[in-house]
Amino acid sequence: MKLIWCQCRAEIVRLLRNPYYVFSSLLMPIMFYIIFTKLVNTGVPDQEAWQAHYLMSMTTFSVMGSAILTLGIRNVQERSQGWATFMKVTPLPDHLYFFAKMVGQSVIHILSVIVIFTVGAIVNNVSLPLMTWLTAGSWIVIASFAFMALGTLVGTMKKVDTAVGVGNVIFLGMAITGGMWMPLESFPALMQSIGKWLPSHSFTDSAWAIVSGGWPEVRHIALLLAYTVVFILLSSYIRRKQEAGT
């Protein structure tokens with residue numbers, strides 16, 4: 001247990017020192033949240049509900065970015081710099097190393113949720129029942145496993161530059177077409193049809209449902225589970241092929 005705890009702690013420290021995490025997963029969502037709720041006149045009649053709604057959008061945006069970019073790019077860096085090979089000669093088994101990475105990433109997601117929820121409460125006086133805060137935060141952390149699975153798929157790329165480019169396209173593309181930045185209803189019909197089937201929309205729409213007093217739809221849960229399985233199978237297949245070729 002001591003070995004696992006030390007590795008988990010090392011993973012958390014490394015993540016907090018990562019500039020990708022600080023910028024794309026904390027500063028950018030907080031900046032967007034302040035701009036769209038304090039500076040831009042959206043014309044929304046119920047400002048209180050809008051501020052809580054957009055807080056969920058930016059929190060899911062933050063966690064999704066951390067899972068895809070931070071985890072994915074770090075995996076490529078570790079492999080290209082020989083860190084992954086070095087870990088194979090340590091007493092820590094591969095599966096415990098992977099477990100520590102997932103635990104470290106989940107702790108970072110919890111931290112992101114707490115920080116952005118706190119910003120919403122301070123900047124806009126967003127006030128929700130304690131159980132709603134806890135349910136929304138728990139949903140965001142648990143459902144983020146689908147995006148960590150996607151991050152491991154991005155992490156199978158051979159070059160860091162490729163992973164950065166592809167990861168950013170996937171991250172920003174899913175954020176926009178999934179309705180995190182603006183309502184899906186404002187898009188053309190074709191984009192709306194595509195957006196409803198993206199994991200980013202299921203992720204965010206469920207968080208909106210929770211702060212509105214409801215629960216995530218079964219369709220969204222099933223969709224996220226399906227994406228998780230597909231991403232894991234794909235990344236496992238590619239990794240086996242890469243190991244067989246070395």
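These are my notes on what I looked up in this structure.

**Entry 1: the model.** I am working from a predicted model.

**Entry 2: the core.** I began with the largest nonpolar core, which has 53 residues. The residues with the most contacts inside it are Met56, Met64, Ile140, Phe147 and Phe203. I then looked up the elements that give two or more residues to this core: α2, α3, α5, α6, α7, α8, α10 and α11. Helix α3 (47-80) gives the largest share, 15 residues.

**Entry 3: Phe203.** Which residues does Phe203 contact, leaving aside its neighbours within four places in sequence? I found Thr60, Val63, Met64, Trp139, Ile140, Ala143, Ser144, Phe147, Met180 and Leu224. Met64, Ile140 and Phe147 are on that list, and they are also named among the core residues with the most contacts.

**Entry 4: helix α7.** I checked residues 145-154 next, which form α7. This helix is mostly covered, with 9 of its 10 residues buried. The buried ones include Phe147, Met148, Leu150 and Leu153. Gly151 and Thr152 are buried too.

**Entry 5: Gly104.** I found Gly104 in helix α5. Is Gly104 buried or exposed? It counts as buried because its relative accessible area is 0%, and the cut-off for buried is under 20%. Not counting residues up to four places away in sequence, Gly104 touches Glu11, Ile12 and Leu15. Glu11 is 93 residues from Gly104 in sequence, yet their C-alpha atoms are 5.4 Å apart in space.

**Entry 6: the surface.** Last, I looked at a nonpolar patch on the surface, formed by Val22, Phe23 and Leu27. Together they have about 280 Å² of accessible area. Leu27 lies in helix α2, residues 19-39.

Technical notes. Residues numbered from 1 in each chain as written. Predicted model: local features only at pLDDT ≥ 70, side-chain atom pairs only at ≥ 80, totals over all residues. Heavy atoms only, no water. Patch = residues over 30% accessible without salt bridge, like charges linked within 9 Å, V, L, I, M, F, W, Y side chains within 5 Å. Areas by Shrake-Rupley, 256 points an atom, 1.4 Å probe, with all protein chains shown as cover. Salt bridge = Lys/Arg side-chain N within 4 Å of Asp/Glu carboxyl O. Helix = DSSP H or I, 4+ residues; strand = E, 2+ residues; numbered from the N terminus. Buried < 20%, exposed > 50% of the residue type's maximum accessible area, 1.4 Å probe, protein only. Core = buried A, V, L, I, M, F, W, Y, C linked by side-chain atoms within 4.5 Å. Contact = heavy atoms within 4.5 Å.
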